Amino acid sequence: MSGTTLWAAVLVASVGCYLLKLAGLSVPAAWVEQPWVARVVDFVPAALLAALVAVQAVTSGHDLVLDGRLVGLAVAALALALRAPFIVVLLLAGAAGALVHVLTG
Amino acid sequence: MSTAARSATLRDAIGLGAAVGLYGVAFGAAADAAGLDVWQAMVLSALMFTGASQFALVGVLGAGGSAAAAVGSALLLGTRNTVYGVRLAPLLSPRGLLRRAATAHWVIDETTAMAVSAPDRQLGRLAFWATGATIYLGWNLMTLVGALGAAALGGAARAALDAVVPAAFLALLWPRLRKGFPEAQVQRRVALGGAVVALVLTPFVPSGVQVIAAVVAVALAGRPRPKAEEGA
């Protein structure tokens, strides 16, 4: 991807996200407070974040790839279940990923 | 408002800002891993300033996705800020276009949570501005640290960073799945559905599109309840 395209993505998405925030302060509340709109908005983050977890952990391009990332993710899940602080979760995941990389060459 | 209540609000805001700043390091590192330069990472934190959307944009780009798929994911995740704005408007009642435009920039998960849970309206406003200012400062500063730090890495450290990115998304998702979050069971079902849809589509669609397509999993949440529960 060219630098210009990358910059365009960065700027368009930034302006778009800002306008979404501004819209909330500007539109009549009734537009957004319909039950089905609230329902969709409540659940979009779960669907998208889970999709990103899956794609980032076990895919590369169009292929499923199992490597240190999945091990790191498992370690992160365990740490989160034990209520470890965010930074500890990331450090443990990173250490697991690096370890697998070193062991498997 | 009492001095004690004021300082309690400020203390909470600053504590939260410091904690969220740590996510900024992870974002800066993720942006670098995705091929963005330090300036692009900084512009995202300064202008977009909404964590999940920023992570989604660089996540999709990092996975080889198109610019359109990356922007689409970021915007979809940004829709919840619209709902936050509606909730905050009566509390903050920003007068005039300029004030409203300035207020909008800081309408995010954390400022909304702090403002609506404050005991009264004055403290709610204080919580919004104090949380916004602390997080804005910490988030941008730490993005720079993360982006510069990651750019200096190589070899095994890269493999570590690759493992950190999915872990960071999991950490963003986790609180929604935990007991106590409104309808946590349904959130789990939707999350599982989203992950399955994305993985099944991965071999067949252009990179990044599977992430956007995963919103169909929201259908698993079912119809709104007659009396909707109050979400966070």
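Author: Begin with one residue and its neighbours. A:Leu48 is in contact with B:Ala56, B:Ser73, B:Leu76, B:Leu77, B:Gly194, B:Val211, B:Ala214 and B:Val215, leaving aside neighbours within four places in sequence. This is a predicted model.

Reader: What core does A:Leu48 belong to, and how many residues has this core?

Author: A:Leu48 sits in the largest nonpolar core, which has 117 residues. A:Ala47, A:Leu48 and A:Ala51 have the most contacts inside this core. Domain 1 (3-154) and domain 2 (178-232) of chain B each supply at least three residues to the core.

Reader: How many residues of each chain are in contact across the interface?

Author: A general point comes before the count. The size of an interface is often given as the accessible area lost when the parts come together. Here we count residues instead. In this model 86 residues of chain B are in contact with 68 residues of chain A. On chain B, the elements giving two or more residues to that side are α1 (3-33), α2 (38-48), α3 (51-62), α4 (67-92), α5 (96-104), α8 (156-177), α9 (184-201) and α10 (209-213). By class, the side of chain B that touches chain A has 62 nonpolar, 20 polar and four charged residues.

Reader: Is A:Phe43 buried or exposed?

Author: Count the C-beta atoms around the residue; 20 or more others within 10 Å make it buried. A:Phe43 has 27 other C-beta atoms within 10 Å, so it is buried. Its helix is α3 (residues 35-58) of chain A. Not counting residues up to four places away in sequence, A:Phe43 touches B:Gln187, B:Val190, B:Val218 and B:Ala221.

Reader: Where does B:Arg189 lie, by contrast?

Author: B:Arg189 lies in helix α9 of chain B. With 18 other C-beta atoms within 10 Å, B:Arg189 is partly exposed. Now compare sequence with space. B:Arg189 and B:Gly21 are 168 residues apart in sequence, and their C-alpha atoms are 30 Å apart.

Reader: How should I read the two domains of chain B?

Author: Take the bounds, then the spacing, then the contacts. The assignment gives domain 1 (3-154) and domain 2 (178-232). Their centres, taken over C-alpha atoms, are separated by 23 Å. Eleven residues of domain 1 of chain B are in contact with eight residues of domain 2 of chain B. On the domain 1 side, α4(B) gives the most, with five residues. That side has six nonpolar, five polar and no charged residues.

Reader: How do I check a helix by its length?

Author: An α-helix has 3.6 residues a turn, so residues three or four places apart point the same way. At 1.5 Å a residue, the 31 residues of α1(B) should span 45 Å. The end C-alpha atoms of α1(B) are 45 Å apart, which agrees. After α1(B) comes B:Gly35, whose phi is positive, near 95°.

Reader: Where does UniProt place the feature "transmembrane region" in each chain?

Author: In chain A, the unreviewed UniProt entry places it at residues 6-24, 36-58 and 70-103. In chain B, an unreviewed UniProt entry gives residues 55-77, 126-150, 156-174 and 195-221. Check such spans against the model. Residues 6-24 of chain A are 100% helix, with end C-alpha atoms 28 Å apart. Residues 36-58 of chain A are 100% helix, with ends 33 Å apart by C-alpha atoms. Residues 156-174 of chain B are 100% helix, with end C-alpha atoms 27 Å apart. For residues 55-77 of chain B, the span is 83% helix and the end C-alpha atoms lie 10 Å apart.

Terms used
Residues numbered from 1 in each chain as written. Chains lettered and ligands numbered in written order. Predicted model: local features only at pLDDT ≥ 70, side-chain atom pairs only at ≥ 80, totals over all residues. Core = buried A, V, L, I, M, F, W, Y, C linked by C-beta atoms within 7 Å. Buried ≥ 20, exposed ≤ 12 C-beta atoms within 10 Å, placed from the backbone. Domains from an automatic or database assignment. Contact = placed C-beta atoms within 7 Å. Helix = DSSP H or I, 4+ residues; strand = E, 2+ residues; numbered from the N terminus. Nonpolar A, V, L, I, M, F, W, Y, C, P; charged D, E, K, R; others polar. UniProt positions renumbered as here; feature names shortened; annotations may be inferred. Expected span 1.5 Å × (residues − 1).
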